[in-house]
Amino acid sequence: MSGKTDLEVHLIFVTKYRKACLKPAIMTRCIELIHNECERIGADIIAIRGDQQNHMNMILRLRPTHSISLVVQLLKQKTRYH
């Protein structure tokens, strides 16, 4: 997917109170869940990485029909308690 009207968004997910709880196993699981959800909704992941402590950065390419707030809501739902 690539075109003139695609949206590229930079998202940063942080832990509650920026608590350092993103251990390698948790980070790997979160990335896996994000990959699965992006594939399901038709979004492309350009880059995804975290600092292994309290946040995760990602750059996504979305179609114009995607709502950025809905995509963020879906991704946060999928990674909330895992």
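**Group meeting talk: salt bridges and fold of a predicted protein chain**

Hi everyone, let me start with a pair of side chains: R61 and E8 form a salt bridge, with their closest N and O atoms 3.1 Å apart. R61 sits in strand β3 (residues 55-62) and E8 in strand β1 (residues 7-14), so this pair ties together parts that lie 53 residues apart in sequence. By salt bridge I mean a side-chain nitrogen of Lys or Arg within 4 Å of a carboxyl oxygen of Asp or Glu. Side chains of opposite charge can pair when their charged atoms come close.

A word on what you are looking at. This is a predicted model, where local features need pLDDT of at least 70, side-chain atom pairs count only at pLDDT 80 or more, and totals for chains, interfaces and linings use all residues. Residues are numbered from 1 along each chain as its sequence is written, and side-chain values use heavy atoms, with hydrogens and water left out.

Now the overall fold. The protein chain has two helices and three strands, and from the N terminus on they run β-α-β-β-α. Those are DSSP runs, numbered from the N terminus: helices are H or I with at least four residues, strands are E with at least two. The C-alpha trace spans about 40 × 20 × 20 Å along its principal axes. The radius of gyration, taken over C-alpha atoms, is compared with a rule of 2.2 Å times the number of residues to the power 0.38. For 82 residues a compact globule would come out near 12 Å, and the chain has 13 Å, which agrees.

How much of the chain is buried? Buried residues make up 32% of the 82. Here buried means under 20% relative accessible area, exposed over 50%, and partly exposed in between, using a 1.4 Å probe and protein chains only. On that scale E8, from my opening pair, counts as exposed at 53%.

Contacts tell us about the sequence distances involved. With contact meaning heavy atoms within 4.5 Å, consider pairs of residues at least 6 apart in sequence: 69% of their contacts join residues at least 24 apart.

Back to the charges. How many salt bridges does a search of the whole structure find? It finds four. One of them joins E32 and R29, at 2.8 Å from N to O. These two are three residues apart in helix α1 (residues 24-41), so about one helical turn separates them. E32 is partly exposed, with a relative accessible area of 38%, and R29 is partly exposed too, at 34%.

Another salt bridge brings E37 and K78 together, at 3.9 Å from N to O. E37 lies in helix α1 and K78 in helix α2 (residues 68-79), so the pair ties together parts 41 residues apart in sequence. Is E37 buried or exposed? At 4% relative accessibility, E37 counts as buried, whereas K78 is partly exposed at 38%. R40 joins in as well: E37, R40 and K78 are linked in a network of salt bridges.

Last stop, a glycine. G50 is placed in strand β2 (residues 44-50) and is partly exposed, with a relative accessible area of 27%. Leaving aside neighbours within four places in sequence, which residues is G50 in contact with? They are M27, H55 and M56. The C-alpha atoms of G50 and I31 are separated by 9.3 Å, with the two residues 19 apart along the chain.
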